[in-house]
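Hi,

Here is the structure I promised to pass on. Have a look at it first, and my notes follow below.

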Amino acid sequence: MPVAPVLAATAQGAVWLSEDGEFELLNTKSLESRLVETPCPYVCHAKATARRLGIKPFPAYDVLELYAFVRPAVFCLPTAMGVAQALQLPLPASHEDEVMLLPRAAAALLQELADHVPPPESRNDDGRAAIAWAMAQGGWVWGKSVLAALGKAYSKSGLPTPSSISAGLKIWGKLEEWEDGAPDTPPENRPVEAVEARARLAQLLGTDSEDRTEQVNYAAAAARAFMPREHAGEPHVVVAEAGTGIGKTLGYIAPASVWAEKNRGTVWISTFTRNLQRQLDWELDRLFPFPDEKNTRVVVRKGRENYLCLLNFEEAVNRIPTAQSGGAVPLGLMARWAIASRDGDMIGGDFPAWLSDLVGRRETIDLTDTRGECTYSACAHYKKCFIEHSQRRARRADIVVANHALVMIHAA
């Protein structure tokens, strides 16, 4: 691991920890001079730190960048406190604690790389060494340390290297292909009784939850929407209202999940905001606590512009040789995330929002499907497309969470 000073921003300036273990409180002018003399300190979120201090961006051993490589698609607040929480390290109580934490966090992340060798059949066996090598060739400050850690993990002093930088980032070959199956049989039409909705709500809440009579009554009332139709084209409609804090989300998830289970069908939940989609997704962890099962039975559907487009990603990778390898670092982090992602959703999914600020929008958010010119089956990545995969998963899911427009289009 590199030996370097550590920097943290404060309201009065910056705390600087030298390689010799001495603390200093520096103002902006003194800090700029120090960065010229001793560049590349440890820091958490270098761009945000530079903005807060009112100085130009500077090269740094950004622990947040290392976290994005080691733990792609895993939530973390973009602060020293957030990194400490994610790594289960002692939380810093002062700025001095914060600067002492950052090298320790970096060491923990590198050790995690060295200790973890994914099995060949795992999706996490994702070409980490090839991606790290490409990023190192592109000037990544963590490259040498990461490759050394990976060398220990695979018990190799010299890891195999790709033929070129772009070759190390061509990860679409490691993504799963979707397959079209036979048409599903129509769902059954069995009712959801109020007692079943109450029982499912109790299961979702657990034994330690407080009693909420209004929430129980809400779930029982919502169950009426799932009664069998008496006439074709005339579904039952329930308009239910409850106050803030009653627990409406679980109130309608309870009967909806019972109906999907009893009838082997899919319930679509229509939402207005992405925040509500995220809330529903979190609440459904109660029903499906195991990620693999939840990934099969719950799908969050969004418009195409929310998902990473593999064709856009390939074009960005192919531009690297003509861009003097400047994009290798952000695209390497994107490659790590794409393989680990649940569904390729970059707007509100498991994509860390701070990553686009960390490395730039061009090689992150701008790679979503915004061109409006999708060639569908003519695209080389069609069988691995996140959007197409999401659509097919939704056909066999128990619960599909989507926005109003998509639900209406699907219904039509």
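Let me start with a question: is the crossing of H4 and H5 left-handed or right-handed? It is left-handed. Keep in mind throughout that this is a predicted model.

**H4 and H5**

Helix H4 covers residues 80-87 and helix H5 covers residues 95-115. The two pack at an angle of about 40°, and their axes are 10 Å apart. That angle makes H4 oblique to H5. On the H4 side, the residues that meet H5 are Ala80, Val83, Ala84 and Leu87. Their counterparts in H5 are Glu98, Leu101, Leu102, Ala105, Ala108, Leu109 and Glu112. Sorted by class, this contact has nine nonpolar residues, two charged ones and no polar ones.

**H9 and H11**

Next comes another helix pair, helix H9 (residues 194-205) with helix H11 (residues 248-263). Here the packing angle is about 115°, with the axes 8 Å apart, which makes H9 roughly perpendicular to H11. H9 passes H11 in a right-handed crossing. From H9, the contact takes in Glu196, Ala197, Arg200, Leu201, Leu204 and Leu205. H11 contributes Leu250, Gly251, Ile253, Ala254, Pro255, Ser257, Val258, Glu261 and Lys262. By class, the contact of H9 with H11 has nine nonpolar, two polar and four charged residues.

**The S6-S8-S7 sheet**

Now for the strands. Three of them form an open sheet in the order S6-S8-S7, with parallel pairing. Strand S6 (267-271) and strand S7 (298-300) stand at the edges; each has a single partner strand, so one side of each is left without a neighbour in the sheet. On average, neighbouring strands of this sheet are turned by 20° against each other, direction ignored.

How many bridges join S6 to S8? There are five, and the two strands run parallel.

Helix H17 (residues 386-395) touches S7 and S8, and its direction makes about 140° with that of S7. Helix H18 (residues 404-411) touches S6 and S8, and its direction makes about 115° with that of S8. As for S8 itself, four of its five residues are buried, so the strand is mostly covered.

**Arginine 371**

Last stop: where is arginine 371 found? It lies in the loop between helix H16 (353-359) and H17. Is arginine 371 buried or partly exposed? Its relative accessible area is 31%, so arginine 371 counts as partly exposed, since buried would mean under 20% and exposed over 50%.

If you leave aside the neighbours within four places in sequence, arginine 371 is in contact with Leu311, Asn312 and Glu315. Tyrosine 307 is 64 residues from arginine 371 in sequence, and the two are 12 Å apart in space, C-alpha to C-alpha.

That's the tour. Over to you!

Cheers

Notes: Residues numbered from 1 in each chain as written. Predicted model: local features only at pLDDT ≥ 70, side-chain atom pairs only at ≥ 80, totals over all residues. Heavy atoms only, no water. Axes fitted to C-alpha atoms, helices over the stretch in contact; angles between N-to-C directions. Parallel < 35°, antiparallel > 145°, perpendicular 65-115°, else oblique. Left-handed = near helix turned anticlockwise from the far one by under 90°. Contact = heavy atoms within 4.5 Å. Nonpolar A, V, L, I, M, F, W, Y, C, P; charged D, E, K, R; others polar. Pairing = 2+ DSSP bridges. Buried < 20%, exposed > 50% of the residue type's maximum accessible area, 1.4 Å probe, protein only.
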